[in-house]
Amino acid sequence: MLVHVPEAEPVVGEWRLKHTYDAPLGIPAHVTLLFPFLSADELSAEVEERLARVLGAAEPFDVTFARTARFPEVLYLQPEPSEPLSALTRAIAAEWPEHPPYEGAHEVVIPHLTVAEGDAEELLQRIESDVEPKLPVHKHVSEAQLFAEDEAGRWHEHARLPFRG
């Protein structure tokens, strides 16, 4: 589950293709809502109905990516405000408690849009220097996307789930 941010592609798209694991596999610039989730063969009509109900309760909102930030070995764009994205993650995870965000590896999930991954500090600094002057990026968030992995390991949009409030 993710929120696709096509508005960020001109700023981060090429960096993501070269320096993230997921972009070459078909995942666009995004903020993750819940990963891992169900496999493609588990995405039934009932699952989509549950997701539509959970996400349909959300109000659309605006978010701005005005600066970069870091996790160890990850350069990302920080969304402001981040709380609506966190609330979406909590809502989906509450509906599927057997699928905690990032398999429960992080006590606090920080919404972010990954630009590059790696341990080469000089490279991350160079990417950051290229990206920051191109910010801010604005996004009106009115839906989430469900992506599924195919047998070849590529990811494809499976469903769009609008927020109705």
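Before selecting anything: helices (H or I, at least four residues) and strands (E, at least two) are DSSP runs, numbered from the N terminus. You're looking at a predicted model, where local features need pLDDT of at least 70 and side-chain atom pairs count only at pLDDT 80 or more, while totals for chains, interfaces and linings use all residues. Residues are numbered from 1 along each chain as its sequence is written, and side-chain values use heavy atoms, leaving out hydrogens and water.

First, select P81, in the loop between β4 and α3 (83-95).

Next, hop to E73, in the loop between β3 and β4. E73 isn't a glycine, yet its phi is positive, about 65°. With 49% relative accessibility, E73 counts as partly exposed (buried is under 20% relative accessible area, exposed over 50%, partly exposed in between; 1.4 Å probe, protein chains only).

Now color helix α4, residues 121-131: L123, L124, I127, E128 and V131 are buried. Looking down the axis of α4, these buried residues fall within an arc of 135°, so they line one face of the helix; the arc is taken over the directions from the helix axis to the C-beta atoms. Which exposed residues does the face turned away from the buried side carry? Pick E122, R126 and S129. Then show the cover over the buried residues of α4, which includes α1 (9-19), β3 (61-71), β4 (74-80) and β5 (113-117); contact here means heavy atoms within 4.5 Å.

Last stop: P136, in the loop between α4 and β6 (137-141). Another cis peptide bond joins L135 and P136, with omega about 10°.
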